[in-house]
Amino acid sequence: MDVSGLAWNYVDLLVIFLPAMVANGAPVIFKGKTPLDGGKKFIDGKRVFGDGKTVEGFLIGVLAGLIIGLFEALVTFNNNFLYIGLLGGLGAMLGDVAGSFLKRRMGYERGEPLLFADQLDFALCTTLFYYLSGVEMNLYALLLIYLTIFVLHIGTNRIAYNLKLKDVPY
Ligand code: CTP
Ligand code: MG
């Protein structure tokens, strides 16, 4: 699968990050019940991930990434986007879990805000996945994508709060 050279500019990168962005938002709408960590505590006595990370949410996020990738593949006639969708969905969900793992280790309770980690954990992990898969990303365009995701995340979370999908506006 050749996905190298796909991303050179901001708009291309937006398309490539869209599966991850949708994946990250999907569990907020379709909330799960089964905690990914099975309710278990880490060696520091705090939860491994916490109740905010569920099996159902994780799977729905990966599926959402795949669906966006499928859509992009159909629109562009480029099957590489199926791969981008899977990588984006998986990268986003694993990054989200990694973010919560770090938050718990730092002593933050589930849902307590942690600036930058909350908004960018999924985007950073997705970047790593894409990078390891050979997707070429222009650094400046990438920084602009992070800025976009940061602003969008704050905006969409406020909307989710107003729609009563979230208990807190961040
Ligand atoms: N969610 C889920 N499963 C996931 C990720 C998210 O069910 N794998 C749902 C949970 O209901 C979660 C909500 O989406 O509360 C918002 O996600 P997020 O803000 O990432 O979680 P927080 O509750 O803020 O927890 P944390 O402090 O661990 O980030
Ligand atoms: Mg949160």
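This is a short talk on ligand 1 and the pocket that holds it.

Ground rules. The model is predicted, so local features need pLDDT of at least 70 and side-chain atom pairs pLDDT 80 or more, while totals for chains, interfaces and linings use all residues. Residues are numbered from 1 along each chain as written, chains are lettered from A and ligands numbered from 1 in written order, and side-chain values use heavy atoms, without hydrogens or water.

Start with the ligand. It has 17 residues around it, each with a heavy atom within 4 Å. Among the closest are Lys53, Arg110 and Gly111. By class, the shell holds eight charged, six polar and three nonpolar residues; Gly counts as polar, and charged means Asp, Glu, Lys and Arg.

Now polar contacts, meaning N or O pairs within 3.5 Å. Arginine 110 puts a polar side-chain atom 2.7 Å from a ligand 1 oxygen. Glycine 32 uses a polar backbone atom, 3.3 Å from an oxygen of ligand 1.

Where does ligand 1 sit? In the largest pocket, with more than half of its atoms within 2 Å of the pocket's grid points. A pocket here is an open set of points on a 1 Å grid over the protein atoms alone, with protein on both sides within 12 Å along at least five of seven lines; lining residues have an atom within 4 Å of a point. The space is about 1200 Å³, and 46 residues line the pocket.

Conventions: A polar contact is a pair of N or O atoms within 3.5 Å; within protein, one must be able to donate a hydrogen and the other to accept it, and residues adjacent in sequence count only if both atoms are side-chain atoms. On a 1 Å grid over the protein atoms alone, a cavity is a set of points where a 1.4 Å probe fits but cannot get out, and a pocket is an open set with protein on both sides within 12 Å along at least five of seven lines; lining residues have an atom within 4 Å of a point. Grid points are joined across faces, edges and corners, and a volume is the space filled by probe spheres set on the points.
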